[in-house]
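Please keep the sequence and the structure in view while reading.

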Amino acid sequence: MATADETERSAGGPDPGAGAPEDTGLLSFAVRLRRMNGEINRLVQGFAGEHGLHPTDVQALAAILDADEPMTPGRLRGRLGLTSGAVTACVDRLERAGHIRRVRESPDRRVVHLHYAADARATARDYFRPLAEATEAARTRFTEEELATVVRFLTAINDELALLPSPER
């Protein structure tokens, strides 16, 4: 399905790569970030629906996958801004569906680490391969210097967003 921009370009409309300077104002960033968020949410909802999960469950899987240190239910609660009960229900669903494993690998046997199951990781990788391919196709349009700037921007915006308070639950 063609995007609005592709439709406009194929109809002879403006082509953002045609030499016109890109708008770098706040509104331009807001529109593009919302659009990207919507496209990624569409893919996440599709994966969730195909695997009998909630979209929050897919967010939890991403948090477990991307964690710099072993993920615990408590860290997952803070990362997703959920109540303890909601995290327990989420982890229970993910474990029952075979997406994660609970492991007690700490000297403190009360500490539970959450690990992405290998088979589930392969399933997610296959489903999200088109997203990776689209990302790679977009990356090829930029120089290494430009990509470094994009990575710096994405890191900075994520750092800023992490400072915002979570809604009280």
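## A salt bridge between partly exposed residues

Arginine 75 has a relative accessibility of 35% and counts as partly exposed, a class that lies between buried, under 20% relative accessible area, and exposed, over 50%, as found with a 1.4 Å probe and protein chains only. Its partner is glutamate 69, which forms a salt bridge with arginine 75 in which the closest N and O atoms are 3.0 Å apart; the term stands for a side-chain nitrogen of Lys or Arg within 4 Å of a carboxyl oxygen of Asp or Glu. Glutamate 69 is also partly exposed, at 45% relative accessibility.

The model is predicted, so local features need pLDDT of at least 70 and side-chain atom pairs count only at pLDDT 80 or more, while totals for chains, interfaces and linings use all residues. Residues are numbered from 1 along each chain as its sequence is written, and side-chain values use heavy atoms, with hydrogens and water left out.

## The chain as a whole

The secondary structure comes to seven helices and two strands, and from the N terminus on the elements run α-α-α-α-α-β-β-α-α. Helices (H or I, at least four residues) and strands (E, at least two) are DSSP runs, numbered from the N terminus.

Of the 169 residues of the chain, 20% count as buried. A contact means heavy atoms within 4.5 Å, and among contacts between residues at least 6 apart in sequence, 46% join residues at least 24 apart.

## Other salt bridges

How many salt bridges does the structure hold? There are eight salt bridges, and one of them joins glutamate 39 to arginine 42, with the closest N and O atoms 2.7 Å apart. Glutamate 39 is partly exposed, with a relative accessible area of 34%, whereas arginine 42 is exposed, with 52%.

A salt bridge also joins the side chains of arginine 93 and aspartate 57, at 2.7 Å from N to O. Because arginine 93 lies in helix H5 and aspartate 57 in helix H3, this pair ties together parts that are 36 residues apart in sequence. Arginine 93 is partly exposed, with a relative accessible area of 22%, but aspartate 57 is buried, with a relative accessible area of 0%. Elsewhere, Asp92, Glu95 and Arg102 are linked in a network of salt bridges.

Thr56, Asp57, Ala60 and Leu61 of H3 make the contact with Cys90, Arg93 and Leu94 of H5. By class, this contact has four nonpolar, one polar and two charged residues, where Ala, Val, Leu, Ile, Met, Phe, Trp, Tyr, Cys and Pro count as nonpolar, Asp, Glu, Lys and Arg as charged, and the others, Gly among them, as polar.

The axes of helix H2 (residues 26-50) and helix H3 (residues 55-66) come within 8 Å and cross at roughly 105°, so H2 is roughly perpendicular to H3. On the H2 side, Val44, Gln45, Phe47 and Ala48 meet Pro55, Val58 and Leu61 in H3. The residues of this contact divide into six nonpolar, one polar and no charged.

In soluble globular proteins, nonpolar side chains tend to be buried together. A nonpolar core is a set of buried Ala, Val, Leu, Ile, Met, Phe, Trp, Tyr and Cys residues joined through side-chain atoms within 4.5 Å. The largest one has 25 residues, and Phe47, Leu53, Leu61, Leu76, Leu94, Ile100 and Leu114 touch the most other members. The largest share of this core, five residues, comes from H3.

Histidine 99 lies in the loop between helix H5 (84-96) and strand E1 (100-103). Is histidine 99 buried or exposed? Histidine 99 is buried, with a relative accessible area of 5%. Leaving aside neighbours within four places in sequence, histidine 99 is in contact with residues including Phe47, Leu53, Leu61 and Leu94.

Methods:
Axes fitted to C-alpha atoms, helices over the stretch in contact; angles between N-to-C directions. Parallel < 35°, antiparallel > 145°, perpendicular 65-115°, else oblique.
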